[in-house]
Amino acid sequence: MKKTNKAVDILKRIFLTMLFPLVIYVVMFILTRSRGITYYGLTVDMWRTVLVNSSMTGVAALAIWLQVKNGRFDFSGGATMVLTAILAGNIVIQNHQGPVVYLILCILFAMILCTITGIIYIVGRLPIMICTIGVALLYESITYLVFDAQGLIMMSNTKLTIFGRMPYILIVLAIALFVFVGYSYFTVSGKRAKLLANNQQAAVNIGINEKKNVIQTFVVCGVLLGCAAAIYGSNNTVAPQSGLSTANTLFSNIIPAFMGMFVGAASVDAIGVVVAAFGMEILNYGLSCLGYGTGGWQQIIVGSFMLLFYTITAQWPRIQAARAKKARMNEA
């Protein structure tokens, strides 16, 4: 009986977690069919595109969310991604190495860059926003100094870009999920980071070394950004950038990071972030099919959708509390 209840509970959690993309799919399916579009949701190419885009978005969103859940908003993440992709990609091309070396170098360089960011944040004692914006400008300037400011172009090299395509892109996503969940829920430093985010002074008072924990979190974030850089470099021509243009590179994937906590309420936030990214890519693909994939209308529709989503989720705790109160009154 207990095994049956446990199985039912697991199935219930899976259903609740996948409910978000399921609802979006049903709505977009109905809308596309009403416009005479018959290929939405029924082609392998669609799901391949959705999985590739959601994997990239999900990995980047995990990197954003790791810092946000620990009380920091890192504006240098996009610059770290761009510089990492340029460094790792060009070194691999010049030395005739393979995609595995490219992925390893991406993770290594991103860890180093994020560690430097963490050290600057601690030593400089600057507000996180000012610190990471300054670091972003620094890393952006370096993109013009390395490899003759040529950036990175390796999309034509099919052997090197496997981590930007199915099914290998799922390996990168799995690595990012493993690192995020492992650090956040199964390490002492991950649990301490949560304590610091919830009540910094109390956490310090009980003996938690804040500086050490900050560095550890930045290193783990480096692994996630390295995974994102490997995918980004495989799917894009990476040019040197300036003027904080790299901020958009990372924060264009920010929506699932904030949706993940609610979507993953029945499981864990990391799964919620990835599922939210999957749902948003289903929405974006549907909008493309309807002719709203680019331009102002897409921004209006997605922005309105996010405003509605955040409004509902913000009221959800009150709704739950009201239901619980009503239930207690009925029992009395």
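Visitor: Which residue forms a salt bridge with D45, and how far apart are the closest N and O atoms?

Guide: That's R48, with the closest N and O atoms 2.8 Å apart. Keep in mind that this is a predicted model.

Visitor: Where do D45 and R48 lie?

Guide: Both sit in helix 2, which covers residues 44–69. They are three residues apart, about one turn of the helix.

Visitor: How many salt bridges does a search of the whole structure find?

Guide: Two. Besides D45 with R48, the side chains of K69 and D269 meet in one, at 2.9 Å from N to O.

Visitor: Which helices do K69 and D269 lie in?

Guide: K69 belongs to helix 2 and D269 to helix 12, residues 269–289, so this pair ties together parts that are 200 residues apart in sequence.

Visitor: What about burial for that pair?

Guide: K69 is partly exposed, since its relative accessibility is 22%. D269 has 9%, so D269 counts as buried. As for why such residues pair up, side chains of opposite charge can do so when their charged atoms come close.

Visitor: How far is the C-alpha of A270 from that of G58?

Guide: The two C-alpha atoms are separated by 9.1 Å, while the residues are 212 apart along the chain.

Visitor: Zooming out, how many helices and strands does the chain have?

Guide: There are 13 helices and zero strands. Reading along the sequence, you get α-α-α-α-α-α-α-α-α-α-α-α-α.

Visitor: What share of contacts join residues at least 24 apart?

Guide: Taking contacts between residues at least 6 apart in sequence, 78% join residues at least 24 apart.

Visitor: And how much of the chain do buried residues make up?

Guide: Buried residues account for 46% of the 332 in the chain. The accessible surface is about 16900 Å², and 67% of that belongs to carbon and sulfur atoms.

Visitor: Which residues make the nonpolar surface patch?

Guide: F15, L16, L19, L22, V23, V26, V27, I30 and L31 make it, and the patch comes to about 740 Å².

Visitor: Pick L16 from that list. Where is L16 found?

Guide: L16 is in helix 1, residues 2–34. With a relative accessibility of 39%, L16 counts as partly exposed. That is enough for the patch, because residues in it need over 30%.

Visitor: Switching to a loop now: where is T161?

Guide: T161 is in the loop between helix 5 (128–143) and helix 6 (168–186). Its relative accessibility is 3%, so T161 counts as buried.

Visitor: What polar contact does the T161 side chain make?

Guide: One with the side chain of R165, at 2.7 Å.

Visitor: And what does T161 touch, not counting residues up to four places away?

Guide: T161 touches M154, M155 and S234.

Key. Residues are numbered from 1 along each chain as its sequence is written. This is a predicted model: local features need pLDDT of at least 70, side-chain atom pairs count only at pLDDT 80 or more; totals for chains, interfaces and linings use all residues. Side-chain values use heavy atoms; hydrogens and water are left out. Patches are made of residues with over 30% relative accessible area and no salt bridge: like charges are joined within 9 Å, nonpolar side chains (Val, Leu, Ile, Met, Phe, Trp, Tyr) within 5 Å. Accessible areas come from the Shrake-Rupley method with a 1.4 Å probe; for residues, only the protein chains shown count as cover. A salt bridge is a side-chain nitrogen of Lys or Arg within 4 Å of a carboxyl oxygen of Asp or Glu. Helices (H or I, at least four residues) and strands (E, at least two) are DSSP runs, numbered from the N terminus. Buried means under 20% relative accessible area, exposed over 50%, partly exposed in between (1.4 Å probe, protein chains only). A polar contact is a pair of N or O atoms within 3.5 Å; within protein, one must be able to donate a hydrogen and the other to accept it, and residues adjacent in sequence count only if both atoms are side-chain atoms. Contact means heavy atoms within 4.5 Å.
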